[in-house]
Amino acid sequence: MAGTIVSADWVVAAAQQEPRWGWAVRVVDGLIDDSGPTDELRARYGGDEFCDGAGCVLLPGFVNAHVHLYGVLAHGVPAPAAPVADFWGFLDDYWWPLVENALDSEMISAAAAWVTAELAVGGTTSFFDILEAPNALPDGLFAQADAVAGRGLRAVLSFEATERMGAASGQAGLDENVRFVEACRDGSAGGGGRVSGAMCIHTTFTCSEPFIRQAFDLAADLDVFCHAHVNEGVHEGHWCEEHHGMRTLEFYDRIGVASPRFQASQCVQLSPREIDIIAESGIRVSHMPLSNCEVGGGIAPVLELLERGVTVGLGSDGYLNDMFAVMRGAFLLHRAASLDPGAISAASVLHLATEGSARALGLERVGRLEPGWHADLQLVELDLPTPVEAHNLLDQLVLWRSAQHVRKVMVGGDWIVDGGEVIGADIDELRAHTREQAARLWS
Ligand SMILES: [Zn+2]
């Protein structure tokens with residue numbers, strides 16, 4: 001079968017492997033089929049299409065482990081008159097009434113169409129989204145999926161079920177996820193098969209114990225992960241101590257749901273015992289360094305989690321969706337917090353943004369450019385003012401490149417970005433429509 005050979009000045013097949021100069025990969029039927037020196041591959045597969053990535057580095061596409069596509073509509077939203085006092089105030093005075101409760105399907109679709117283009121153009125090839133829009137039930141998730149499927153990215157979409165607006169609304173959220181997982185599997189939602197579903201709840205302070213158990217039971221029945229936001233600031237740990245007499249992850253452990261099926265995002269304020277529970281139970285974590293700063297949540301103990309062997313991915317939280325910026329955030333924040341300029345390397349943050357996130361989301365054979373792995377890749381321009389060499393390539397990439405330097409992006413063997421532009425998307429029209437929907441939300 002004929003394939004496509006994608007070459008570049010440098011190839012980073014996996015974040016923690018040595019970069020290779022003058023290398024290429026061969027893509028057949030959506031998968032990486034072979035790799036080697038460009039001349040050798042071209043001689044071996046004479047009938048293949050050839051994509052010349054001269055001047056670029058070829059690397060795996062980013063996996064954004066945690067997005068809220070609708071979040072773009074809140075960029076610049078007028079803040080409440082009184083300053084928000086803490087994380088609870090952020091949710092109760094601002095995020096819930098002014099953003100999530102006001103979302104409808106048209107706004108959700110517009111945001112999804114815009115942000116998926118933004119993600120693609122910045123080199124992201126897979127993402128996990130959490131939609132919370134209790135007044136867009138039922139079918140809000142299905143409206144979002146239609147917009148996502150057209151972009152060609154690999155995506156896991158979920159509805160964040162919560163009882164904060166009552167038991168019926170909570171059940172409708174769980175039901176939305178069950179219907180969506182099944183619809184993606186039978187092909188009636190999600191388009192071309194790159195979109196799937198998951199189970200998702202909000203937090204312990206908006207979900208009762210029976211509701212949480214029900215969500216995890218449904219996730220087990222469907223064989224999907226169950227996501228929850230965990231200890232994004234100090235609020236949830238204190239709330240759990242007050243209401244359950246123990247901290248958040250001790251509570252999840254007590255009710256029997258601490259396991260690899262649990263995908264816990266944020267995990268910013270963790271006690272030593274909570275770190276033990278994550279490490280011992282195999283809970284998978286996603287880390288959002290920039291949005292943790294935005295909401296004043298603190299600095300997640302990511303270095304300690306990594307040392308303990310925890311699976312950690314990296315996400316934007318729908319805040320700054322440029323994964324280069326998110327990687328820089330992690331790189332800088334953990335060096336500052338640990339008073340150690342060697343605390344985390346460019347290779348480590350690139351690993352979190354690719355294979356780490358894929359593992360956190362259970363995406364198999366995603367995050368490396370090795371034979372048998374999905375052909376999810378990006379070509380990034382290397383027109384830097386200092387020489388690019390094997391020893392500095394990843395620093396150059398993480399510190400001095402951004403979304404605007406991404407030239408081409410492929411997902412599952414299909415090009416979705418070419419020449420720095422999203423194929424088949426009218427960006428001006430998408431921007432105008434998103435702005436219109438944001439104005440409607442703000443009003
Ligand atoms: Zn979030």
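1. Where is Pro 138 found? Look in the loop between β7 (124-131) and α4 (140-149). Keep in mind throughout that this is a predicted model.

2. The peptide bond joining Leu 137 and Pro 138 is cis, with omega at about -10°. As background, most peptide bonds are trans.

3. Now step back to the whole chain. The protein has 15 helices and 18 strands. Its C-alpha atoms fill a box of roughly 65 × 45 × 45 Å along the principal axes.

4. On burial, 55% of the 443 residues count as buried. As for contacts with a separation of 6 or more, 74% are made by residues 24 or more positions apart.

5. The largest nonpolar core has 143 residues. Those with the most contacts inside it are Val 11, Val 57, Leu 58, Ala 111, Cys 226, Met 327 and Ala 353. Helix α3 (residues 105-121) gives the most to this core, putting in 12 residues. Both domain 1 (4-60 + 377-411) and domain 2 (62-360) supply at least three residues each to this core.

6. Pick Cys 226 from that list and see what it touches. Leaving out residues up to four places away in sequence, its contacts are Met 199, Cys 200, Ile 201, Ala 215, Phe 216, Ala 219, Arg 261, Phe 262 and Gln 263.

7. Asp 29 is not a glycine, yet it has a positive phi of about 55°. You'll find Asp 29 in the loop between β3 (23-28) and β4 (31-37). Is Asp 29 buried or exposed? Asp 29 counts as exposed because it has 10 C-beta neighbours inside 10 Å, and the cut-off for exposed is 12 or fewer.

8. Arg 365 also deserves a look: it is not a glycine either, and its phi is positive at about 55°. Arg 365 sits in the loop between α13 (346-360) and β15 (377-381). With 13 other C-beta atoms within 10 Å, Arg 365 is partly exposed. For context on this point and the previous one, most residues other than glycine have a negative phi.

How values were computed
Residues are numbered from 1 along each chain as its sequence is written. This is a predicted model: local features need pLDDT of at least 70, side-chain atom pairs count only at pLDDT 80 or more; totals for chains, interfaces and linings use all residues. Helices (H or I, at least four residues) and strands (E, at least two) are DSSP runs, numbered from the N terminus. A residue is buried if 20 or more other C-beta atoms lie within 10 Å of its own, exposed if 12 or fewer, and partly exposed in between; C-beta atoms are placed from the backbone. Two residues are in contact if their C-beta atoms, placed from the backbone, lie within 7 Å. A nonpolar core is a set of buried Ala, Val, Leu, Ile, Met, Phe, Trp, Tyr and Cys residues joined through C-beta atoms within 7 Å. Domain bounds come from an automatic or database domain assignment.
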